[in-house]
Amino acid sequence: MEEAQSSKNFIELEIEKDLSEGVYKSVCTRFPPEPNGYLHIGHAKSILLNYGLAKEYGGKFNMRFDDTNPTKEKQEFVDSILSDIKWLGADWGDRLYFASNYFDQMYEGAVKLIKKGKAFVCDLTAEQIKEYRGDFTTPGKNSPYRDRSIEENLELFENMKNGKYADGEKVLRAKIDMASPNINMRDPVIYRVAHMTHHNTGDKWCIYPMYDFAHPIEDAVEGVTHSICTLEFEDHRPLYDWVVRELEFPNPPRQIEFAKLYLKDVVTGKRYIKKLVEDGVVDGWDDPRLVSISALRRRGFTPESIKKFVDLVGVAKANSEVDYAMLEYCIREDLKLKKPRMMAVLDPIKLIIDNYPEGETEWLDVDNNQENPELGSRKVPFSRELYIEREDFMEEPPKKYYRLFPGNEVRLMHAYFVKCVDYKKDENGNISEIHCTYDPETKCGTGFEGRKVKGTIHWVSAKEAVKAEVRLYENLVDEEKGKLNPDGTMNLNPNSLKVLTNAYVEPELAKVKPEDKFQFVRQGFFCADMKDFTNEKPVYNRIVSLKSSFKLPLQK
């Protein structure tokens, strides 16, 4: 029993304590994104954590948009967020909510605070409010409008709602304590005037609640028990508690903070991604070089790999950075036994088997994944003319080069031994053709036990192979220089995308569907691009190479 308890993270321990003490009868969590951008890998941690906790304790999981700021919100972001969360496997059932649906209750809550003498309308400008607030060493000072009567505040707030003031002319502030050591408690603004059309409520409102006021109300109205959020909200928790307490919600929710997920040398900030999109550095929020959830999906990552990654990172109270290599490790682990191992030649050079019958095509039986027989087998065409990788042939090889060179013999994967007997060059001195002979006695699977060869190379039949585009990705950020320059600009890797337009793949790979995944032997794991792939013009993204620099920590 003690061992089971020790394996729980600190949030689970807090929830179990609340349940055992009767603070709550059941658990309700939520994921509350603002619809002002696309979700990224950090959000995936929050989604899976909140959904996982609800599932673990037989509770409910709410999906709610914190759409209280119409200046930055779009329906495009709402749609993309819902798609991402569904793809990750988090199920909100019929509990899809919008903060904007509670605007009437928030307005009533603000009126209630005014009537309790806990809120006032302030005429100070944003700059003056900041000046009056003080800092970490200097207490703030009261607004000259702080002592307006309840009646005057009610009238002014109603006038704000009725559109009688310009943006920024007046705000509603909570009346708490301008000398509080927590700056968030120094009479924070809870409503502002903003003459903006809202994506959900249209032009009904010209005043909008601030996040710190709206969020606890949303949680309380929905019956959320545990409001799980990231560490930057720790200093906001006293205000969260103040709002639900002063508005006298029964069974108020409690906020618990956990550490954000940071990836080293990876761009996650919405501001930076937005600039990359606007500057045309990437081709949208789902560019596979980004770590937005939609970009990871397009690159070829799976929900299972992201969940494994989140589980490995764990839930902590202190922020830390994680290597991108850990995420790559997780996708390799997820795909290696699930997907077929296919042959693709990315930088082709023609190989001609001089003694193989012209015009003949032999269909070889090939296991889809030698480590997982359940994936079955397929037929692969073999003929006199093949394509192999250019790097698999050298005129003058160094020591321990076991692939093709003049006079050397290698195995063609799944097929025969071939021996290089000649080669040709084009007018620029580049190798254009390799000539070999094959030994028909060495066919793979026939039990040949004669001489041995040290090298095995992959290939595709030139006649049946399908021409394809292959996209190879590296980190968008120049890892050696770091993410940012002193002036705030990003250090971008000029080689983050390499497009190969002359690759050849075996014919089976042209019959797949967008988002299908497979291993290209010796090349890595690849995915049929979800936007650009067609059977007539196949396009593949490399998800990850086969080699890993990540070592899984030793388990206790």
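**Helix packing, cores and loops in a predicted model**

Author: Helices α5 and α8 cross in a right-handed manner; a crossing is left-handed if the near helix is turned anticlockwise from the far one by less than a right angle, and right-handed if clockwise. This is a predicted model, in which local features need pLDDT of at least 70 and side-chain atom pairs count only at pLDDT 80 or more, while totals for chains, interfaces and linings use all residues. Residues are numbered from 1 along each chain as its sequence is written, and side-chain values use heavy atoms, with hydrogens and water left out.

Reader: At what angle do helix α5 and α8 pack?

Author: Axes are lines fitted to C-alpha atoms, for helices over the stretch in contact, and angles run from 0 to 180 degrees between N-to-C directions. Helices (H or I, at least four residues) and strands (E, at least two) are DSSP runs, numbered from the N terminus. Helix α5 (residues 103-115) packs against α8 at about 115°, the axes lying 10 Å apart. Angles under 35 degrees count as roughly parallel, over 145 as roughly antiparallel, 65 to 115 as roughly perpendicular and the rest as oblique. The pair α5 and α8 is therefore roughly perpendicular.

Reader: Which residues of α5 and α8 meet?

Author: Contact means heavy atoms within 4.5 Å. From α5, Q105, M106, G109, A110 and L113 meet F213, A214, I217, E218 and V221 of α8. This contact has seven nonpolar, two polar and one charged residues, where Ala, Val, Leu, Ile, Met, Phe, Trp, Tyr, Cys and Pro count as nonpolar, Asp, Glu, Lys and Arg as charged, and the others, Gly among them, as polar.

Reader: How do α8 and α9 pack?

Author: Helix α8 (residues 211-222) and helix α9 (residues 237-246) make an angle of about 55°, with axes 9 Å apart. These two helices are therefore oblique to each other, and their crossing is right-handed. In α8, D212, F213, H215, P216, I217, D219 and A220 meet L239, Y240, V243 and V244 of α9. By class, the residues of this contact are eight nonpolar, one polar and two charged.

Reader: Which members of the largest nonpolar core touch the most other members?

Author: In soluble globular proteins, nonpolar side chains tend to be buried together. A nonpolar core is a set of buried Ala, Val, Leu, Ile, Met, Phe, Trp, Tyr and Cys residues joined through side-chain atoms within 4.5 Å; buried means under 20% relative accessible area, exposed over 50%, and partly exposed in between (1.4 Å probe, protein chains only). Here the largest core holds 42 residues, of which I41, I85, I306 and F309 touch the most other members. Helix α13 (residues 324-335) supplies the largest share of this core, seven residues. A second, separate core has 33 residues, among them I353, F382, I457 and A465.

Reader: Is M342 buried or exposed?

Author: M342 has 6% relative accessibility and so counts as buried. It lies in strand β12 (residues 341-342). Beyond four places in sequence, M342 touches residues including R378, L509 and F520. The C-alpha atoms of M342 and L509 are separated by 7.8 Å, although the two residues are 167 apart along the chain.

Reader: Where is D187 found?

Author: D187 is in the loop between β5 (171-174) and β6 (189-193). Although not a glycine, D187 has a positive phi of about 45°, and it is buried, with a relative accessible area of 1%.
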